[in-house]
Amino acid sequence: MPIIHERVTIFTTKPVLGQYHFNNKFQIYPSGRKPLQNDRFFYPLNIEISFLQKGKHYTRFSTPYGNDQLTKQIIEIQHLLSVMTQFFFFGHIKAKNPINKFINKACKRIEIGNINWYQDKALDDRNVANFMIPEFLDQALEIYYALTEDLLLLFRKACYLFYCGVELRSSNPSLSFASFVSAVETLMAFEAIAPDGVFVEVSEY
């Protein structure tokens with residue numbers, strides 16, 4: 001199957017001041033777009049992703065929302081980064097056309113560090129000046145992409161439920177709480193079928 005490369009603009013809650021590259025899966029770096037302001041600033045970043053085309057035809061847009069291959073890839077990475085970095089990633093603007101390969105971006109690596117609590121759209125830690133990546137991110141992503149298909153599906157469901165819990169926290173606390181509980185229940189199912197040691201590795205992050 002052909003390998004697809006795409007560039008997309010997404011948004012997060014802190015400025016992105018450097019580059020992060022993970023294997024041949026994706027890389028992120030600063031965007032030239034201006035921040036959006038809606039009660040607080042939301043900061044754009046570019047993300048380039050690489051994935052295998054599924055099926056005979058490749059789709060970049062579709063109805064209903066999220067049914068095309070590109071949007072599925074974007075959402076998956078937004079959920080992963082939101083869960084694993086504790087910063088919240090959302091929205092997207094697709095480039096007009098796919099790209100041929102990742103660009104060789106000449107900028108420093110994103111700062112490595114830890115934060116004290118989750119950076120959702122309702123909670124702004126003033127002590128965090130810009131987006132950081134945790135030192136374990138490479139290892140956590142390696143474990144994620146090495147999961148079998150059934151385990152990957154379960155973990156994706158747990159990520160989605162956790163993401164919804166964060167997103168709904170300020171607007172609908174009850175649904176937010178239900179999403180967090182469902183995420184824990186899904187991880188319990190993940191633990192039940194995971195080989196020895198896999199759940200321990202994943203849960204460390």
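Buried means under 20% relative accessible area, exposed means over 50%, and partly exposed is in between, with a 1.4 Å probe and protein chains only. Keep that in mind for Arg7: partly exposed, at a relative accessible area of 25%.

This is a predicted model; local features need pLDDT of at least 70, side-chain atom pairs count only at pLDDT 80 or more, and totals for chains, interfaces and linings use all residues. Numbering runs from 1 along each chain as its sequence is written, and side-chain values use heavy atoms, with hydrogens and water left out.

Salt bridges next. A salt bridge here is a side-chain nitrogen of Lys or Arg within 4 Å of a carboxyl oxygen of Asp or Glu. The structure holds three.

Arg7 pairs with Glu48, closest N and O atoms 3.0 Å apart. Glu48 sits in strand E5 and Arg7 in strand E1, so this pair ties together parts 41 residues apart in sequence. Helices (H or I, at least four residues) and strands (E, at least two) are DSSP runs, numbered from the N terminus. Glu48 is buried, at 0%.

Strand E1 also holds Glu6, whose partner Arg60 is in the loop between E5 and H1, 54 residues apart.

Then Lys94 and Asp68, at 3.3 Å between the closest N and O atoms. Lys94 is in strand E6 (residues 89-94), and Asp68 is in the loop between E5 and H1. Lys94 counts as buried at 16% relative accessibility. Asp68 is buried too, at 2%.

Now the core. A nonpolar core is a set of buried Ala, Val, Leu, Ile, Met, Phe, Trp, Tyr and Cys residues joined through side-chain atoms within 4.5 Å. Which members of the largest core touch the most others? Tyr20, Phe26 and Ile47, out of 34 residues. H1 gives the largest share, six residues. A second, separate core has seven residues, including Phe88 and Tyr163.

On a 1 Å grid over the protein atoms alone, a pocket is an open set of points with protein on both sides within 12 Å along at least five of seven lines; a cavity is a set where a 1.4 Å probe fits but cannot get out; lining residues have an atom within 4 Å of a point. The largest pocket has 26 lining residues, with Lys54, Gln73, Glu76, Leu152 and Arg156 nearest its centre. The largest cavity is lined by residues including Phe87, Asn114 and Pro134.
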